[in-house]
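Q: I would like to learn how a structure of this kind is read, feature by feature. Could we begin with how far the coordinates can be trusted?

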Amino acid sequence: MGEELLNIHAILPHSRVNGPGRRLVVFFQGCSRACKGCFNPETHSFDIKNNYTAEDILAKAASGLEGITVSGGEPFLQPRGLLKLLGLAKAKGLSTVVYSGFKFEELSAMKDAKQCLSLIDVLIDGGFEEDKLEPTLLARGSTNQRLHFLSGRYTLNDFYMPGKAEVIISESGAVTGTGFGSIFRTGK
Ligand code: SF4
């Protein structure tokens, strides 16, 4: 059987506003929820954007990273690839933070997703709800979204990040914005 391919919207080799420390951020492609006011509407289509293996993704990680953050789109709609990615990240000593539109209770009842949960340090669950927008929240956009600390690695204090958003300029001059707010498009 061939290597599992993931449909990925974008990868940030490093960010400091998507969880504790410097992190590789992976945005999965595809989400069927269509939450009103979603910060990442361009991730909703299920058309193939970039096909990568889990190894391809981790090869893009900058050196000295604390961990990976997986966002989207909906990561758990590609559960086998997500499991591989999380397993590889853990094998490299990287921590794992994952966003999902599903609630923790729903994921716990899904076989493949449950396996993924065992490899996640912090799960942030629930889709963005525009009428519950709260700009002061840590690492999330609306009050319905919850942080679940699934291992002993982090506490809420670790989610006080240097800022709410950042602009990353690559060596080629490409400019990417990320963070939690409607002016940026690559954060939940
Ligand atoms: S907020 Fe998350 S779950 Fe909701 S549409 Fe956007 S990507 Fe999907």
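Q: Over residues 182-187, where does pLDDT stay, and how many contacts beyond four places in sequence does the model have for them?
A: pLDDT is the predictor's confidence in each residue, from 0 to 100, and over residues 182-187 it stays under 50, while the model has 21 contacts for them beyond four places in sequence, a contact being two residues whose C-beta atoms, placed from the backbone, lie within 7 Å. This is a predicted model, in which local features need pLDDT of at least 70 and side-chain atom pairs count only at pLDDT 80 or more, whereas totals for chains, interfaces and linings use all residues. Residues are numbered from 1 along each chain as its sequence is written. For the protein, the mean pLDDT is 90, and 87% of the residues reach 70 or more.

Q: Which elements make up the protein, in order from the N terminus?
A: Helices (H or I, at least four residues) and strands (E, at least two) are DSSP runs, numbered from the N terminus. Here there are four helices and nine strands, running β-β-β-α-β-α-β-α-α-β-β-β-β from the N terminus on.

Q: Which residues of strand E6 lie on each side, and are they buried or exposed?
A: In a regular strand the side chains alternate between the two faces of the sheet. A residue is buried if 20 or more other C-beta atoms lie within 10 Å of its own, exposed if 12 or fewer, and partly exposed in between, with C-beta atoms placed from the backbone. In E6 (residues 122-125), Val-122 and Ile-124 on one side and Leu-123 and Asp-125 on the other are all buried, and both faces are covered.

Q: What are the partners of E6, and how do they run?
A: Two strands pair if DSSP finds at least two bridges between them. Four bridges join E6 to E5 (residues 95-100) in parallel, and four join E6 to E7 (residues 146-149), which run antiparallel. Ile-124 stands opposite Tyr-99 in E5, and in E7 its bridge partner is Leu-147.

Q: Why does Arg-16 count as partly exposed?
A: Arg-16, in the loop between E1 (6-15) and E2 (23-28), is partly exposed because 17 other C-beta atoms lie within 10 Å. Leaving aside neighbours within four places in sequence, Arg-16 is in contact with Arg-22, Met-161, Pro-162 and Glu-166. The C-alpha atoms of Arg-16 and Thr-178, 162 residues apart along the chain, are separated by 9.6 Å.
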